[in-house]
Amino acid sequence: YGQPSCTAGRAAFIVGQMPTRTVVSMKGDWARISHRANRTTVKEPPMFTPAEVANRFSYACYHADWGLVTWFPEGVFDNEHADQAVEFIALAEKLESRSFNRYIDLSGYSSIQISLDHVVRIARRRQSYQGPPVKSAIFAVPPTSLTVASMYQELMNGSHVEVGVFQDRAIAAEWLGVPTAILQPPNTIQT
């Protein structure tokens, strides 16, 4: 016999609200202080040149001819790496004068350790994007990354960012209207 259990993260997901808590986190030059649910004060990041952004996010590439940003991160996908992805997209949106589609390849991650409430938080943050409609393709094959990507896709329904989750790069390329070759990880040698 077990009692129902509901963690703060699970409760937040169910009711669509973030749990009340106070958090102070430092990320480089950025400071974020969260005082209460849905109330976040963010110190605006300094502006970066495209070269600085590319240097800071070495797994990313902007394909100007195709209006596409590709990102091939590696390591462990956790809350911090998810924040880096959002930071990268937000910076790219500020730097680029025209809208662009996005492609994130999760196949380089050795492990997925992002929390459910963090996925919800990121989706809420990205839903605030008010630019022209764009597409964001996520390539995910292992079941865990596929589940996280699909949850994010569902949470983004109705926003200006149309999210597609793919297990095949060719289908993702067709959806984005780009050649399949640019969706290959940089260390892949084409023969």
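Predicted model: local features only at pLDDT ≥ 70, side-chain atom pairs only at ≥ 80, totals over all residues.
**Close-up 1. Helix α4 and its buried residues.** Asp-117, His-118, Val-119, Val-120, Ile-122, Ala-123 and Arg-126 are the buried residues of α4, where buried means under 20% relative accessible area, exposed means over 50% and partly exposed lies in between (1.4 Å probe, protein chains only). Residues are numbered from 1 along each chain as its sequence is written, and side-chain values use heavy atoms, with hydrogens and water left out. Helices (H or I, at least four residues) and strands (E, at least two) are DSSP runs, numbered from the N terminus. With twelve residues, α4 reaches 17 Å from its first C-alpha to its last, close to the 16 Å expected at 1.5 Å a residue; the expected span is 1.5 Å times one less than the number of residues.

**Close-up 2. His-118 in α4.** Zoom in on helix α4 and you'll find His-118. His-118 is buried, with a relative accessible area of 6%. Leaving aside neighbours within four places in sequence, His-118 is in contact with Asn-79, Ala-82 and Asp-83, contact meaning heavy atoms within 4.5 Å. Take Asp-83: His-118 and Asp-83 are 35 residues apart in sequence, and their C-alpha atoms are 9.1 Å apart in space.

**Close-up 3. α3 alongside α4.** Two packed helices are described by the angle between their axes and the distance between the axes. Helix α3 (residues 79-95) packs with α4 at an angle of about 5°, the axes being 10 Å apart. That makes α3 roughly parallel to α4. On the α3 side the contact is made by Asn-79, Ala-82, Asp-83, Val-86, Ile-89, Ala-90 and Glu-93, and on the α4 side by His-118, Ile-122, Arg-125 and Arg-126. Axes here are lines fitted to C-alpha atoms, for helices over the stretch in contact, and angles run from 0 to 180 degrees between N-to-C directions. Angles under 35 degrees count as roughly parallel, over 145 as roughly antiparallel, 65 to 115 as roughly perpendicular and the rest as oblique.

**Close-up 4. α3 on its own.** The 17 residues of α3 should span 24 Å at 1.5 Å a residue, and the end C-alpha atoms are 24 Å apart, which agrees. The buried residues of α3 are Ala-82, Asp-83, Ala-85, Val-86, Glu-87, Phe-88, Ile-89, Leu-91 and Ala-92.

**Close-up 5. α4 crossing α5.** Helix α4 (residues 116-127) and α5 pack at an angle of about 40°, with their axes 9 Å apart. The two helices, α4 and α5, are therefore oblique to each other. The crossing in which α4 passes α5 is right-handed; a crossing is left-handed if the near helix is turned anticlockwise from the far one by less than a right angle, and right-handed if clockwise. From α4, Leu-116, Val-119, Val-120, Ile-122, Ala-123, Arg-126 and Gln-127 meet Val-148, Met-151, Tyr-152 and Leu-155 in α5.

**Close-up 6. The two sides of α5.** Ser-145, Val-148, Ala-149, Met-151 and Tyr-152 are the buried ones in α5. They cover an arc of only 155° around the axis, which puts them on the same side of α5; the arc is that of the directions from the helix axis to the C-beta atoms. Pro-143, Thr-147 and Glu-154 are exposed on the other side of α5.

**Close-up 7. Ser-136 in β9.** Over to the strands: Ser-136 has its place in β9 (residues 134-139). Ser-136 is buried, with a relative accessible area of 8%. Not counting residues up to four places away in sequence, Ser-136 touches Arg-102, Val-161, Glu-162, Val-163, Gly-164 and Trp-175.

Close-up 8. Phe-166 lies in strand β10 (residues 161-166) and is buried, with a relative accessible area of 11%. Once neighbours within four places in sequence are set aside, Phe-166 is in contact with Ala-137, Ile-138, Phe-139, Ala-140, Ile-171, Ala-172 and Trp-175. Asp-168 sits in the loop between β10 and α6 (169-176) and counts as partly exposed at 34% relative accessibility. C-alpha to C-alpha, Asp-168 and Phe-139 are 7.2 Å apart in space.
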